[in-house]
Amino acid sequence: MTVVHRVMDPRLLRYFVVLAEELHFGRAAERLNLSQPPLSAAIKRLETQVGVKLFGRTSRKVLLTPAGQVYLREVRQILERLSEAAEAARREERGESGQLSVGYKSGSLNTALPQAVRLFRQQHPDVELKLYEMNVFEVQPALLRGDVQVGLLYPARLDLRLSFEVMFSEPLMLALPQGHPLARLDRVPLRLIANEPFVRYQRVVQPECYDAISELCRSAGFWPQVVQEVATGSAAVSLISAGLGVGLVPSSQRQASDGRVEYRFLDGPTVSVDFAAAWHRTDSSVLTAAFVAQMRAAGQAFTKQEQGFAGLLAG
């Protein structure tokens, strides 16, 4: 028999299985909603493609050949895998499976990220969620390379190839060493820290916070007495807790405090820093959209939490 090498039509495989189960062309054709001649022609075409006789035919009955019995076992596995593959594709399309990578800066762990991760994992238990801690210089390039699908960062100076949505805004709070005289005040006028040793973010690392703090101090008529510059909020809090100075930090940084830092809102004008989720403009993934939605929900909850904290301090 001449073997014709071509991609196997799954319909031929299903026709073969039904006939192998019925061992009768009439009953098999009825199950397949076919007339008998097309089914017979399809089986002959399959045997030509496989290169062996799959059925032995007599005038009274149809039997599987030994080769047909082996082929039946293998074809059933193939059809099962095809069904599984189709379902896997549908689940991926619905966002029920797959993989999502998220790049975040360390300060995100003090904000809405943990809650967003919990929500996402509850609703997408079969999705492999990978989280990568990065510094502020790494998140954008990782998004542009496709190493991560979602980036959590300050949204200033974003590449035009990226889309973003602000998840929440954080007011800057005054962080003071425990027992500092200014901690006696419920709200601290900014001018009172004009002569205090000041711990400040490095502009090259945290330009958003640096610029916000600089503008706030300028509007109050002074330039801070900087004794140390830091790369992260957690570093600022650690140095302030050691008594090195005071500093202005996003309100969520109090979550990283060891209890030796006191936080006060400013009396008078203050500024906030935006925190955003970003993704590539060409990304239409259901999973990306789902994670951004969970960040949005978690961001709203985080904002309410921060507002409650502010009200507690004010009270």
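Helix 1 (residues 10–22) and helix 3 (residues 36–50) have axes that come within 10 Å and cross at roughly 110°, where axes are lines fitted to C-alpha atoms over the stretch in contact and angles run from 0 to 180 degrees between N-to-C directions. Helix 1 is therefore roughly perpendicular to helix 3, a term that covers angles of 65 to 115 degrees. This is a predicted model, in which local features need pLDDT of at least 70 and side-chain atom pairs count only at pLDDT 80 or more, while totals for chains, interfaces and linings use all residues. Residues are numbered from 1 along each chain as its sequence is written, and side-chain values use heavy atoms, with hydrogens and water left out.

From helix 1, Leu-12, Leu-13, Tyr-15, Phe-16 and Leu-19 meet Leu-39, Ala-42, Ile-43, Arg-45, Leu-46 and Gln-49 of helix 3, contact meaning heavy atoms within 4.5 Å. The residues of this contact divide into 9 nonpolar, 1 polar and 1 charged.

Turning to the strands, strand 12 (residues 272–280) pairs in the antiparallel sense with strand 5 (residues 150–153) over 3 bridges, and Leu-152 stands opposite Ala-277 of strand 12; two strands pair if DSSP finds at least two bridges between them. Strand 6 (residues 162–177) is likewise antiparallel to strand 12, over 9 bridges, with Ser-163 having Trp-279 as its bridge partner.

In the loop between strand 10 (247–250) and strand 11 (261–267) lies Gln-253, which counts as buried because its relative accessibility is 6%, buried meaning under 20% relative accessible area with a 1.4 Å probe and protein chains only. Leaving aside residues up to four places away in sequence, Gln-253 touches Gly-107, Asn-110, Tyr-201, Gly-233, Ser-234, Val-237 and Tyr-263.

Conventions. Helix = DSSP H or I, 4+ residues; strand = E, 2+ residues; numbered from the N terminus. Parallel < 35°, antiparallel > 145°, perpendicular 65-115°, else oblique. Nonpolar A, V, L, I, M, F, W, Y, C, P; charged D, E, K, R; others polar. Buried < 20%, exposed > 50% of the residue type's maximum accessible area, 1.4 Å probe, protein only.
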